[in-house]
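Subject: Structure handover

Hello,

Here is the structure we talked about. Please open it alongside this note; my findings follow below.

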Amino acid sequence: MGRFPIVLLAAILIIVMPVAAKEYVIGDQKTPVAKGDPAATYVGAEKCKTCHPDKYEDWKKSGHPYKLMTPEEAKAVRPDIPLPEGYTWDDILYVLGGWGWKSRYIGKDGFIITKTKDGQPLEKNQYNWETETWSAYHSGEDKKYDCTRCHNTGSTYDENHMDLPGMVGNWTFRGVQCEACHGPGSEHIARGGGKGVAIIVNESAELCGLCHVRGTSSKPPAKGGFIRHHEQYQELKNSGGMANLKCITCHDPHKPVHKGATNDVEGYGIIKQCEDCHADVAEVFEGSNMQKAGVRCIDCHMPKAAKSAVAESKYVADVRVHLFRINTDPNTEFIFKADDGKEYASGYLTLDYVCLQCHEDKDKAWAASYVEKNIHELGKVKETPAPATTAPPTQPPETAPPKKGVCGPTSLALLALLPLIGAAARRRL
Ligand code: HEC
Ligand code: HEC
Ligand code: HEC
Ligand code: HEC
Ligand code: HEC
Ligand code: HEC
Ligand code: HEC
Ligand code: HEC
C-alpha cells in the first residue's frame, strides 16, 4: 500500500470518529458534564453572583475561591505576602494557597518553586502564615503542579495548562467555585434559573469527600506524629457513632470555618454545635472547672492533631480533626505503623493528644486517672440538699479543686489560651 491511501484512511477516520468530549474530574473522580445537564458548560462564579448575591458573598469569605491566585490576586488577599529569597514577582506565575495555612509559589515554567534561580535546593520555599516562618517543601526536587483536580473548577487531564512543562492537567476556573460542587451551570442560567433546573444539589459527605480526602485507605494517613491535612472525610468515617453525619449537618458549605485571610471568626460557618445534639453532656459539663475556664467541647474532641503548615508542639499542629471519640486507655496509641510500613491514625483520639496539649507537664496515666472520675464534671459543685439542722454550713470537700494540672508549664499554656477564651466569649454575645 502506498502512502496516499493511509493518509486518506486517516482523514476518513478523523471525519467519522466523534470528537472526544473533554473529561472533567473532581478529586479522584471523573465527572463528565452529563451528570448535570449534557449541554451545560462551566461559566464561573461571577455569573452566579447576579441572582445569588448572598451565596456569592458568603463564598468569597471562605477559603474555597483562593486556592490558586495570580500575583495580583495574592497581593490583594494577603498584602504582606513575602517571596522566596532571590525571587521577584516577575518570576511568579501563580501563588498556591495561603488563604489559611501556607503559601507555595509556581514559577513561569509551571513547576512549584523548590530551587534557587541557579538550580540549588531552596530550603525556604513554603511560607507559614500563623508562625510567619518558612519551611522546606520538596527542596531541590522537580515538583509539578499535579493538584488541579482538588483546587480548581472544571479540571481536565486531557491537556496541560498553557502547555507548560511543570503543569499536569488544566482547569476552566481557578479555585473551588460554585460549579465545583453544583456542576456546570450554563443551562441553569440559560433557562432563567430555578429550583431543580439543570443544577446539581448534592448534600452527601461524599461530595466534600471528593477533595477532603487523601488516597483510598480507610484509615487516615499520618506522618511525623500527626494526621496529614485534607483528610476530613476519612476522619469522619472513622468516628464511630458520628460517622454517618453529613458535613453539611454542621457546616454551611458556603461559609468559612477556619480563621483565614477573609475570615476573622474561627467557627463562623458552623450551623450546628455539639451542644445542640448532646444537651445531656453539655448540661453535665456546665459549671465544671474546665467549662468555667473556657475549655470547649472541640478543644478535647477536635484537637489540632492534623498538620498542614507547622506543628506547635509534640501534640498540637494546625488542623482540627473530625474523629470526636476518645479512647481513654492510657496504653493505646493514636498513630500506628501498618503492614505496608506507612503511618496511619487510629479511629479515635488518645489522651495525650486530647489532654496534654494544655496539661503539658502531665502524662497519659495522669489523664486516665481523672477521666475515670467523669471528665465532664471535674470540680463541679454538687447540688447538696439543704441541711436539716441549723448548724452553720460547711464547705463540702469535693468543691476544693485538685491543684494538679494548673502549675508549671501548664500555666503558660493557660495564658496562651486566654485570647482564645476571650474570643469564644465575645462570639457568644
Ligand atoms: C463546597 C461546595 C459548594 C460550593 C463551592 C458552593 N455550594 Fe451551593 N450548595 C452546596 C450544598 C452541599 C448545598 C445544599 C445544602 C445547603 O443548602 O446548604 C448548596 C445549596 C445551594 C443553594 C440552594 C440552597 C439555598 O439556601 O437556597 C444555592 C442557591 C447555592 N448553593 C448556590 C451557590 C452559589 C451561587 C455558589 C457560588 C458562589 C455556591 N453555591 C457554592 C455546596 C456548595
Ligand atoms: C438568572 C438568574 C440565575 C442565575 C444567573 C443563576 N441562578 Fe441559580 N437559581 C435561580 C433561581 C430563581 C433559583 C430558585 C431559587 C429558589 O427557589 O429559592 C435558583 C436555584 C439554584 C440552586 C438550588 C437548586 C435546587 O434545586 O434547589 C442552586 C444550587 C443554584 N441556583 C446554583 C446556581 C449556580 C451555581 C449558578 C451559576 C452557575 C446560578 N445558580 C446562577 C436563578 C439563577
Ligand atoms: C485530594 C484533593 C487534594 C489534592 C490532590 C491536593 N490538595 Fe491541597 N488541599 C486540599 C484541601 C481539601 C485543602 C484544605 C483542607 C486541609 O488542608 O485540611 C488543601 C490545602 C492546601 C494548601 C493550603 C491552603 C491554604 O489556604 O493555606 C496548600 C498550599 C496545598 N493544599 C497544596 C497542594 C499541592 C501543592 C498539591 C499537589 C502537589 C495539592 N495541594 C494537592 C485538597 C487537595
Ligand atoms: C473541588 C474540591 C473541593 C470540594 C468538593 C470541597 N472542598 Fe472544601 N476545600 C477545598 C480546598 C482546596 C480547600 C483549601 C482552600 C484554601 O484554603 O485555599 C478547602 C477548604 C475548606 C475549608 C476550610 C477553609 C474555610 O473556608 O474555612 C472548609 C471548612 C471546607 N473546605 C469545607 C468543605 C465542605 C463542607 C465541602 C462539601 C460541602 C467541601 N469543602 C467541598 C476543596 C474542596
Ligand atoms: C446532628 C447531631 C450531632 C451533632 C451536631 C454532634 N453529634 Fe456527636 N453524636 C451524634 C450521634 C447521633 C451519635 C451516636 C449516638 C450514640 O452512639 O449513642 C454521636 C456520638 C458522639 C460521640 C461518641 C462516639 C463513639 O462512637 O464513641 C462523641 C464523642 C460525640 N458524639 C461528640 C460530639 C462532639 C464533640 C460534637 C461537636 C463537635 C458532636 N458530637 C456533634 C450526633 C451529633
Ligand atoms: C476536658 C476534655 C473534654 C471536654 C471539654 C469535653 N469532653 Fe466529652 N469526653 C471527654 C473524654 C475523655 C471522653 C471519654 C470518656 C469515657 O469514655 O469515659 C468524653 C466522652 C464524650 C461523649 C461520649 C460518652 C458520653 O458521655 O456520652 C460525648 C457524647 C461527649 N464526650 C460530648 C461532649 C460535649 C458535647 C462536650 C461539650 C459540651 C464535651 N464532650 C466536652 C473529654 C472531654
Ligand atoms: C459534627 C459536626 C461536624 C461535621 C459532621 C463535620 N464538621 Fe468540619 N468542623 C466542625 C467544627 C466544629 C469545626 C471547627 C470549628 C472551629 O474551629 O471553631 C470544623 C472544622 C472543619 C475544617 C477546618 C479545620 C481547621 O482546623 O480549621 C474543615 C476543612 C472541615 N471542618 C471540613 C469538614 C468536612 C469536609 C466534613 C465532612 C467530611 C466535616 N467537616 C464534617 C464540625 C463538623
Ligand atoms: C484546652 C485546654 C485544656 C484541655 C484540652 C484539657 N484541659 Fe484540663 N484544664 C484546663 C484548664 C484551663 C484548667 C483550669 C481550671 C481551673 O482549675 O480553674 C484545667 C484543669 C484541669 C484539672 C484540675 C482541676 C479540676 O477541675 O478538678 C484536671 C484534673 C484536668 N484539667 C484534667 C484534664 C484532662 C484529663 C483532660 C483531657 C481529657 C484535660 N484536662 C484537657 C485546660 C485544659
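Start with the open sheet of 3 strands that runs in the order β11-β12-β13. Its pairing is mixed. The edges are β11 (222–223) and β13 (306–307), and each of these pairs on one side only. β11 joins β12 (residues 226–228) in the antiparallel sense, over 2 bridges. Within that pair, Lys223 stands opposite Phe226 of β12.

Another open sheet also has 3 strands, in the order β2-β1-β10. Here the pairing is antiparallel. Which strands stand at the edges? They are β2 (29–30) and β10 (155–156); each has a single partner strand, so one side of each lacks a neighbour in the sheet. β1 (residues 24–26) pairs with β10 in the antiparallel sense, again over 2 bridges. Look for Val25, which stands opposite Ser155 in β10.

Now the chain as a whole. Please keep in mind that this is a predicted model. The protein chain has 429 residues, and 31% of them count as buried. It holds 17 helices and 17 strands. Take the contacts with a separation of 6 or more: residues 24 or more positions apart account for 54% of them.

On confidence, the average pLDDT of the protein chain is 87. A score of at least 70 is reached by 83% of the residues. Two stretches need care.

Next come the ligands. I looked at the shells around three of them, and I take them in turn.

Ligand 4. It is surrounded by 27 residues. The closest are Ser62, Gly63, Cys208, Cys211 and Pro256. Four helices each supply at least two residues of this shell: α5 (148–151), α6 (178–182), α8 (205–209) and α10 (247–250). What is the make-up of the shell around ligand 4 by class? It divides into 16 nonpolar, 10 polar and 1 charged.

Ligand 2. Around ligand 2 there are 19 residues. Cys48, Cys51, Cys178, Gly185 and Gly193 are the closest. α2 (45–49), α6 and α7 (186–190) each give at least two residues to this shell. Of the elements around ligand 2, α6 gives the most, with 3 residues. So much for position; by class, the shell around ligand 2 has 7 nonpolar, 9 polar and 3 charged residues. Note that α6 supplies residues to the shell around ligand 4 and to the shell around ligand 2.

Ligand 6. This one has 17 residues around it. The closest are Cys274, His278, Ala282, Cys297 and Cys300. Which elements give two or more residues to the shell around ligand 6? They are α11 (274–277), α12 (279–285) and α14 (297–301). α14 gives the most to the shell around ligand 6, with 4 residues. The classes around ligand 6 are 11 nonpolar, 4 polar and 2 charged.

Best wishes

Terms used
Residues numbered from 1 in each chain as written. Chains lettered and ligands numbered in written order. Predicted model: local features only at pLDDT ≥ 70, side-chain atom pairs only at ≥ 80, totals over all residues. Near = placed C-beta within 6 Å. Nonpolar A, V, L, I, M, F, W, Y, C, P; charged D, E, K, R; others polar. Pairing = 2+ DSSP bridges. Buried ≥ 20, exposed ≤ 12 C-beta atoms within 10 Å, placed from the backbone. Contact = placed C-beta atoms within 7 Å. pLDDT = per-residue confidence, 0-100.
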